[in-house]
Amino acid sequence: MRVFARNYVWQGLSASRMTTRFVAGAAIAGLFVAACSKKSTTAPTTAGPLATITLTPTPVNLPAGATQQFTAVGKDANSNVVVISPTWTVVASGGTVNATGLFTAGATGGTFTNTVMATSGAITATATVTVNVVANSHGPTAVSLGSAANYVILAKSAISNVPTSVITGDLGLSPAAASFITGFALNLPAGGAASTAAQVTGSVFASDYAVPTPATLTTAITAMQTAYTDAAGRTTPNYTELGAGAIGGLTLPAGLYKWSNTVTIASDVTLSGSATDVWIFQIAGGITQAAATHVILTGGALASNVFWQAASGVNIGLGSHIEGQIMSQTAIVLSTGASANGRLMAQTAVTLAGNTVVKH
């Protein structure tokens with residue numbers, strides 16, 4: 001509100017009368033300002049009767065035996081949220097659903113249209129599920145590691161360790177020098193092409209060791225990068241954006257899996273298949289595995305046939321275990337007590353802290 005000052009001439013009034021009139025006028029003005037500045041209040045909106053239910057996500061694509069949590073949101077005719085406790089059912093086969101909307105895919109493949117249903121009163125909503133069963137298939141062709149397969153840990157910029165780790169297999173670092181391999185107490189003979197360490201059952205190689213090590217490592221690093229490109233470039237995935245990247249609790253058959261962001265492992269995940277089955281995980285982000293979780297192989301599946309290709313960092317949590325060949329375009333970090341069966345291949349650094357890593 002704008003207040004305009006004006007000049008008044010007071011004539012023929014005593015000082016007391018002038019004071020009285022001024023005080024009265026000020027009081028009236030104050031009441032006017034208070035009335036103008038008083039904020040209006042609006043009663044909170046009360047939702048009307050339930051008009052619609054929205055079910056998410058839909059559609060979803062799941063391997064046989066995998067799970068998906070569905071969410072139902074109710075709204076009235078004015079799109080105000082209505083609190084509901086829906087009844088969950090499966091109406092067109094494809095799997096089962098529990099009382100909280102957790103769906104478990106069955107063993108029969110196919111697209112089950114509008115099969116997961118949430119019901120509240122007379123209002124319903126449905127979601128479509130596709131269940132994938134790869135019959136008589138061993139997944140994609142395995143990724144060839146070339147000479148990179150000779151190493152259990154292979155990196156370009158650094159390999160660091162907080163003792164005591166237990167490493168089975170050779171370590172390789174190039175183009176960085178041996179001074180960037182820390183925490184192992186390396187023993188290099190004079191003019192030697194490889195060093196040894198009490199924590200390593202195998203040999204340790206660096207780019208500044210004697211010939212033929214520099215050239216051998218250059219070839220291995222090139223092979224590592226070629227393998228990464230191969231895994232990242234595979235087409236026609238069997239599963240895309242499975243679980244939006246949250247794969248904890250799932251049992252995964254052999255196949256090519258693709259995600260556009262980070263994959264998280266918040267609870268145990270099982271890879272179920274035979275000794276000839278292959279898993280390739282194409283991950284445009286990184287991998288984050290929570291503490292005390294495990295990647296488990298069943299049915300004869302082999303770590304040598306599991307390939308994790310991650311465009312960003314890989315972080316294996318405290319006391320966790322992972323199986324397979326980990327190929328990161330950046331860094332791989334194992335937290336204290338974590339373990340891995342397979343290989344750690346990083347295009348920057350590998351960081352260890354009291355870990356067990358065995359080449360498979």
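Author: The protein chain exposes about 17,200 Å², an area computed by the Shrake-Rupley method with a 1.4 Å probe, where for residues only the protein chains shown count as cover. Carbon and sulfur atoms supply 58% of that surface. The model is predicted: local features need pLDDT of at least 70, side-chain atom pairs count only at pLDDT 80 or more, and totals for chains, interfaces and linings use all residues. Residues are numbered from 1 along each chain as its sequence is written, and side-chain values use heavy atoms, with hydrogens and water left out.

Of the 360 residues in the protein chain, 40% count as buried, that is, under 20% relative accessible area with a 1.4 Å probe, protein chains only. In soluble globular proteins, nonpolar side chains tend to be buried together. A nonpolar core is a set of buried Ala, Val, Leu, Ile, Met, Phe, Trp, Tyr and Cys residues joined through side-chain atoms within 4.5 Å.

The largest such core here has 70 residues, and those with the most contacts inside it are Leu-252, Phe-281, Trp-308 and Leu-344. Its largest share, four residues, comes from strand β10 (residues 123–132); strands (E, at least two residues) are DSSP runs, numbered from the N terminus.

Leaving aside neighbours within four places in sequence, Phe-281 is in contact (heavy atoms within 4.5 Å) with Leu-252, Tyr-257, Trp-259, Leu-271, Val-306, Phe-307, Trp-308 and Gln-309. A second, separate core of 20 residues includes Leu-145, Ala-220, Ala-231 and Val-278.

Across the protein chain, residues 24 or more positions apart account for 53% of the contacts with a separation of 6 or more.

Note on methods. Buried means under 20% relative accessible area, exposed over 50%, partly exposed in between (1.4 Å probe, protein chains only).
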